[in-house]
Amino acid sequence: MIDIDRLANACCEHFAKCKSASIACAFPVAVESWFRVELVSALMDVGVRQECVDFNYRYPGAGGKADLIIRDADDSIIFELKSFVCSADAKKIADFPFQIERLQAQVDQDHATQAIAFCTFCGYGDRRLLALSTQFFSSSWTTTPLRRLIINAPLQFLIGSFTRESR
């Protein structure tokens, strides 16, 4: 299992060292692929071995792919990443609750021990961010507080987790 607060701290430390973060976190563009690669580096900083990371997980019976899965002897942890940019993501906002439900179902159906959603937000006010995080994550999910990924950049992020203990 991954402690999402520890992961959030590792993300901030890792991203602060990335020269490209000043671009990815400052401009209103969705760069999910970049976040996916850099998230793996942050995961390695919290002890995940690179050989445990798989970018080709297909949801059993549901179709579609998760952004990544970590598999080791004890756990299978499925990740979805979503980058939200204000005024450019109405479809993403409408679709994301279904992705969250699909993630949760993977744990409920014992396909995974933990489901994690890594969400970034650019250009939103505090009230809208709170409304979106409440809309996306039910009380059975644990989330980190919203925070800036790097200092002096507008992009904020949060990490949500659902585990078997959450049920």
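## Strand pairing

Two strands pair if DSSP finds at least two bridges between them. Strands (E, at least two residues) and helices (H or I, at least four) are DSSP runs, numbered from the N terminus. This is a predicted model: local features need pLDDT of at least 70, side-chain atom pairs count only at pLDDT 80 or more, and totals for chains, interfaces and linings use all residues. Residues are numbered from 1 along each chain as its sequence is written, and side-chain values use heavy atoms, with hydrogens and water left out.

S3 and S4 run parallel, joined by nine bridges. Lysine 82 stands opposite cysteine 119 in S4. S2 and S3 run antiparallel, with four bridges between them. A hairpin of four residues links S2 to S3. Strand S1 (residues 53-54) and strand S2 (residues 68-71) are also antiparallel, joined by two bridges.

## Strand S4

S4 covers residues 114-122, and nine of its nine residues are buried. Buried means under 20% relative accessible area, exposed over 50%, and partly exposed in between (1.4 Å probe, protein chains only). Gln114, Ile116, Phe118, Thr120 and Cys122 point one way from S4. Ala115, Ala117, Cys119 and Phe121 point the other way.

## Phenylalanine 84

Phenylalanine 84 lies in strand S3 (residues 76-85). It is buried, at 1% relative accessibility. Its C-alpha is 4.8 Å from that of phenylalanine 121, which is 37 residues away along the chain.

Which residues does phenylalanine 84 contact, leaving aside its neighbours within four places in sequence? Contact means heavy atoms within 4.5 Å. The list is Asp89, Lys92, Ile93, Phe96, Cys119, Thr120, Phe121, Cys122, Tyr124 and Phe136.

## Helices H4 and H5

Two packed helices are described by the angle between their axes and the distance between the axes. Here, axes are lines fitted to C-alpha atoms, for helices over the stretch in contact, and angles run from 0 to 180 degrees between N-to-C directions. The axes of H4 (residues 90-108) and H5 (residues 126-136) come within 9 Å and cross at roughly 40°. H4 is therefore oblique to H5. Angles under 35 degrees count as roughly parallel, over 145 as roughly antiparallel, 65 to 115 as roughly perpendicular, and the rest as oblique.

H4 contributes Ile93, Phe96, Pro97 and Ile100 to the contact, and H5 contributes Arg128, Leu132, Gln135 and Phe136. Six of these residues are nonpolar, one is polar and one is charged. Ala, Val, Leu, Ile, Met, Phe, Trp, Tyr, Cys and Pro count as nonpolar, Asp, Glu, Lys and Arg as charged, and the others, Gly among them, as polar.

## Cysteines

The whole structure has zero disulfides, a disulfide being a pair of cysteine sulfur atoms within 2.5 Å. For cysteine 86, the nearest cysteine sulfur is that of cysteine 122, 8.8 Å away. Cysteine 86 is partly exposed, at 32% relative accessible area. Cysteine 119 is buried, at 0%. Its sulfur is 12 Å from the closest cysteine sulfur, in cysteine 11, so the gap is too far for a bond.

## Positive phi

Most residues other than glycine have a negative phi. Aspartate 110 has a positive phi, near 60°. This residue is in the loop between H4 and S4 and is partly exposed, with 47% relative accessible area. Asparagine 152 also has a positive phi, about 65°. It sits in the loop between strand S6 (147-148) and strand S7 (156-163). Asparagine 152 is exposed, at 77%.
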